[in-house]
Amino acid sequence: MTDQHVSQQRTEQQHEYDERSGFTYGVKRRLTSASWLARAASVGLSSVSIGFVMLFMFVLETGGDLTLFTRPLPMQIALALPYLIGVLTLGTTAGALLAWRYRYWSLPARIHQTVLALLGLAFCWQLSTLGFLTV
């Protein structure tokens, strides 16, 4: 073997090691991990739900009742969030079911995930009843 061949082989091994231990490998691993996606969906559900309520109340306070008819940009954003809440609720519910099936986390963590999924389902039902989420 020549020195160049040995050097090239070491470089390829180092490159493969860098790919496995690097930032992109960690991100790829997380994006394919069902337990991580379930927790991300529940965090997103909580954040977007609180954001929807706060934004909707803020727009109504600053613009009055006419904002429901004129629909300025902040109101359009607020009215688009219930659909995102619905998608995140489905992700959180699926994550809770998978967590119980495959025992992803400890018992209190699984109960917490289940409670978040049930609250998300109740909130989606309420949004649907009020006409924000039309199916």
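**Helices, packing and rings**

Student: Where do the numbers come from?
Tutor: This is a predicted model, so local features need pLDDT of at least 70, side-chain atom pairs count only at pLDDT 80 or more, and totals for chains, interfaces and linings use all residues. Residues are numbered from 1 along each chain as its sequence is written, and side-chain values use heavy atoms, with hydrogens and water left out.

Student: How many helices and strands does the protein have?
Tutor: Six helices and zero strands. From the N terminus on, the order is α-α-α-α-α-α.

Student: Back to H6. Which residues does it cover, and how far does it reach?
Tutor: H6 covers residues 107–130, which is 24 residues. It reaches 35 Å from its first C-alpha to its last, close to the 34 Å expected at 1.5 Å a residue. The expected span is 1.5 Å times one less than the number of residues.

Student: And H5, what should its span be?
Tutor: H5 has 30 residues, and at 1.5 Å a residue it should span 44 Å. Its end C-alpha atoms are 43 Å apart, which agrees. Just after H5, Arg-103 takes a positive phi of about 50°.

Student: Which residues of H6 are buried?
Tutor: They are Ala-109, Arg-110, Gln-113, Leu-116, Ala-117, Gly-120, Cys-124 and Leu-127. Buried means under 20% relative accessible area, exposed means over 50%, and partly exposed is in between, using a 1.4 Å probe and protein chains only.

Student: What do they pack against?
Tutor: Helix H3 (34–63) and helix H5 (73–102).

Student: Now the H5 side. What does Ala-96 touch?
Tutor: Ala-96 is found in helix H5. Leaving aside neighbours within four places in sequence, Ala-96 contacts Gln-113, Thr-114 and Ala-117. Ala-96 counts as buried, at 6% relative accessibility.

Student: New topic: rings. How many aromatic pairs are there?
Tutor: A search of the whole structure finds six. Take Phe-52 and Phe-56: their ring centres are 5.8 Å apart and their planes are at 25°, so the pair is stacked. Rings of Phe, Tyr and Trp (its six-membered ring) pair if their centres lie within 6.5 Å; planes under 30 degrees apart are stacked, over 60 edge-to-face, and the rest tilted.

Student: Where do Phe-52 and Phe-56 lie?
Tutor: Both lie in helix H3, four residues apart, about one turn. Phe-52 is buried at 4% relative accessibility, and Phe-56 is buried at 14%.

Student: Why is the pair of Phe-52 and Phe-123 edge-to-face?
Tutor: Their ring centres are 6.4 Å apart and their planes are at 65°, so the pair counts as edge-to-face. Phe-52 is in H3 and Phe-123 in H6, so the pair ties together parts 71 residues apart in sequence. Phe-123 is partly exposed, at 23% relative accessibility. Phe-52, Phe-56, Phe-123 and Phe-132 form one aromatic cluster.

Student: How many residues are in the largest nonpolar core?
Tutor: It has 13 residues, and those with the most contacts inside it are Val-48, Phe-52, Phe-56, Ile-85 and Leu-127. H3, H5 and H6 each supply at least two residues of this core. A nonpolar core is a set of buried Ala, Val, Leu, Ile, Met, Phe, Trp, Tyr and Cys residues joined through side-chain atoms within 4.5 Å.

Student: What does Ile-85 touch?
Tutor: Not counting residues up to four places away in sequence, its contacts include Leu-45, Val-48, Phe-52, Phe-123 and Leu-127.

Student: Last one. What share of the protein's residues is buried?
Tutor: Of its 135 residues, 26% count as buried.

Notes
Contact means heavy atoms within 4.5 Å.
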